[in-house]
Amino acid sequence: MPSVRDVTSGITRRPDRLRGEDAQQLKEVLARVPVLATTAEHVRAFAELMNDRRGRELKDWITRVQQDEVPALRGFATGLLQDLDAVVAGLTLSYSSGAVEGHNNKIKMIKRQMFGRAGFDLLRKRVLLTA
């Protein structure tokens, strides 16, 4: 029997990148558990939406997920609906805020170091110099 990690890895990996024995094992598991097979289909479809930047098709994907009996994916789809415009933009547009991600913690550290020592002007200079 494959482990949960092996099955999860098989579902989330591109089918063409699975080794022959792993693909066969996954196929057997999915044949025994229909809900898991449905989940795998939806996960792969979502991965294709992400990789191909087809955010405009997200509503259709969410509709299909909500029609099936997969509670975990239904919760995920409901969460996507709460901020649908932002998710569609993230899956469609070619630019992102990824370049500035991670700098927030550096700024917090500088603010802690500067607390009570100097005014805003010096804090601003230090933040701009670290960027």
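**Helix 3 and the cores around it**

Hi everyone, let's start with the buried residues of helix 3: these are A37, T39, A40, H42, F46 and L49. Before I go on, please keep in mind that this is a predicted model.

So what covers those buried residues? The cover includes helix 1, residues 4-12, and helix 2, residues 20-32, along with helix 4 and helix 5.

Now a quick check on helix 3 itself, which runs over residues 34-51. Its 18 residues, at 1.5 Å a residue, should span 26 Å, and the C-alpha atoms at its ends are 26 Å apart, which agrees. After helix 3 comes R53, and the phi of R53 is positive, near 55 degrees.

Is H42 buried or exposed? Its relative accessibility is 7%, and because buried means under 20%, H42 counts as buried. And which residues does H42 contact, once we set aside its neighbours within four places in sequence? They are W61, R64, V65, D68 and L73.

Next, the nonpolar cores. The largest one has 13 residues, and the members that touch the most others are F46, L58, W61, I62 and L80. Helix 3, helix 4 (58-67), helix 5 (71-82) and helix 6 (84-92) each supply at least two residues of this core. Helix 4 gives the largest share, with 4 residues.

Not counting residues up to four places away in sequence, L80 touches F46, L58, W61, I62 and V87.

There is also a second, separate core, made of 8 residues, and V7, I11, L18 and A37 are among them.

Last stop: how do helix 4 and helix 6 meet? Their axes come within 11 Å and cross at roughly 120 degrees. Angles of 65 to 115 degrees count as roughly perpendicular and those over 145 as roughly antiparallel, so helix 4 is oblique to helix 6. On the helix 4 side, the contact is made by L58, K59 and I62. On the helix 6 side, the residues are L84, V87, V88 and L91. Sorted by class, that contact has 6 nonpolar residues, no polar ones and 1 charged residue.

Notes:
Residues numbered from 1 in each chain as written. Predicted model: local features only at pLDDT ≥ 70, side-chain atom pairs only at ≥ 80, totals over all residues. Heavy atoms only, no water. Buried < 20%, exposed > 50% of the residue type's maximum accessible area, 1.4 Å probe, protein only. Contact = heavy atoms within 4.5 Å. Core = buried A, V, L, I, M, F, W, Y, C linked by side-chain atoms within 4.5 Å. Axes fitted to C-alpha atoms, helices over the stretch in contact; angles between N-to-C directions. Parallel < 35°, antiparallel > 145°, perpendicular 65-115°, else oblique. Nonpolar A, V, L, I, M, F, W, Y, C, P; charged D, E, K, R; others polar. Expected span 1.5 Å × (residues − 1).
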